[in-house]
Amino acid sequence: MSGKNKGIRKGASFSLIHKLCEYQAVRKLAETKGYPVRQMCRCLGISRSAYYHWLRYPKGESEHKNKPIVDLIKGIHHLQTDMGYRQIRDDNALIMDTFDEAVFSEPDAHPLFHSDRGFQYTSPAFCNHLKKHPMKQSISRVAHCVDNDPMEFHELALQAA
């Protein structure tokens, strides 16, 4: 990508995949058939410098950083094929620990627990966890993010105090 356009526009992932296929085709044809890289790049409308950069650095920095996560997700999915990537990455452990910490710090409080409709908050495990404490759950309605406004206003008021 050029220095000017650092953001990824809508539909850019298809464009990136398309370029990747073109680069792979140029490499394969150059290696196996001996076709000149210059002519193939010109025919495909890609710059030779971009092709050679891809050849030298086939994976970006973010791909290297995400590789351990991708491997972990693939391993979990292999064991539990019914789980999607969101369920694999967003474990309930953090939410349960945070909830337990809040209950421990205020054992006599029996507050209202408000959340969005994320699967962590609607999971049977979390609902059962709430039932262990005399606490009511409040969940935003579908497609009504304004339901969060009263709780967010209350949170801002507490922070300002």
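## Overall organisation

Among contacts in the protein between residues at least 6 apart in sequence, 52% link residues that are at least 24 apart. The structure described here is a predicted model, and every value in this report has been computed from that model.

The protein contains nine helices and two strands, and, when followed along the sequence, these elements come in the order α-α-α-α-α-α-β-α-α-β-α. Of its 161 residues, 18% count as buried. The accessible surface of the protein amounts to about 12900 Å², and 58% of that surface belongs to carbon and sulfur atoms.

## Histidine 129 in helix α8

H129 is part of helix α8, which covers residues 124-131. With a relative accessible area of 13%, H129 is buried, because a residue counts as buried when this value is under 20%.

Once its neighbours within four places in sequence are set aside, H129 is in contact with M96, F99 and D100. With D100 there is also a polar contact, which joins the side chain of H129 to the side chain of D100 at 2.5 Å.

## Arginine 48 in helix α3

R48 belongs to helix α3, which is made up of residues 48-56. This arginine is partly exposed, since its relative accessible area is 36%, a value that lies between the limits of 20% for buried and 50% for exposed residues.

When residues up to four places away in sequence are not counted, R48 touches R38 and C41. The C-alpha atoms of R48 and V37 are 7.6 Å apart in space, although the two residues are separated by eleven residues in sequence.

How many disulfides does the model have? A disulfide is a covalent bond between the sulfur atoms of two cysteines. In this model such a bond is assigned when two cysteine sulfur atoms lie within 2.5 Å, and by this rule the count comes to zero.

C43 shows how the rule works, because the closest cysteine sulfur to its own is that of C41, at 9.5 Å, which is too far for a bond. C41 is also one of the residues that R48 touches.

How values were computed:
Residues numbered from 1 in each chain as written. Predicted model: local features only at pLDDT ≥ 70, side-chain atom pairs only at ≥ 80, totals over all residues. Heavy atoms only, no water. Helix = DSSP H or I, 4+ residues; strand = E, 2+ residues; numbered from the N terminus. Buried < 20%, exposed > 50% of the residue type's maximum accessible area, 1.4 Å probe, protein only. Contact = heavy atoms within 4.5 Å. Areas by Shrake-Rupley, 256 points an atom, 1.4 Å probe, with all protein chains shown as cover. Polar contact = N/O pair within 3.5 Å; in protein donor to acceptor, adjacent residues only side chain to side chain.
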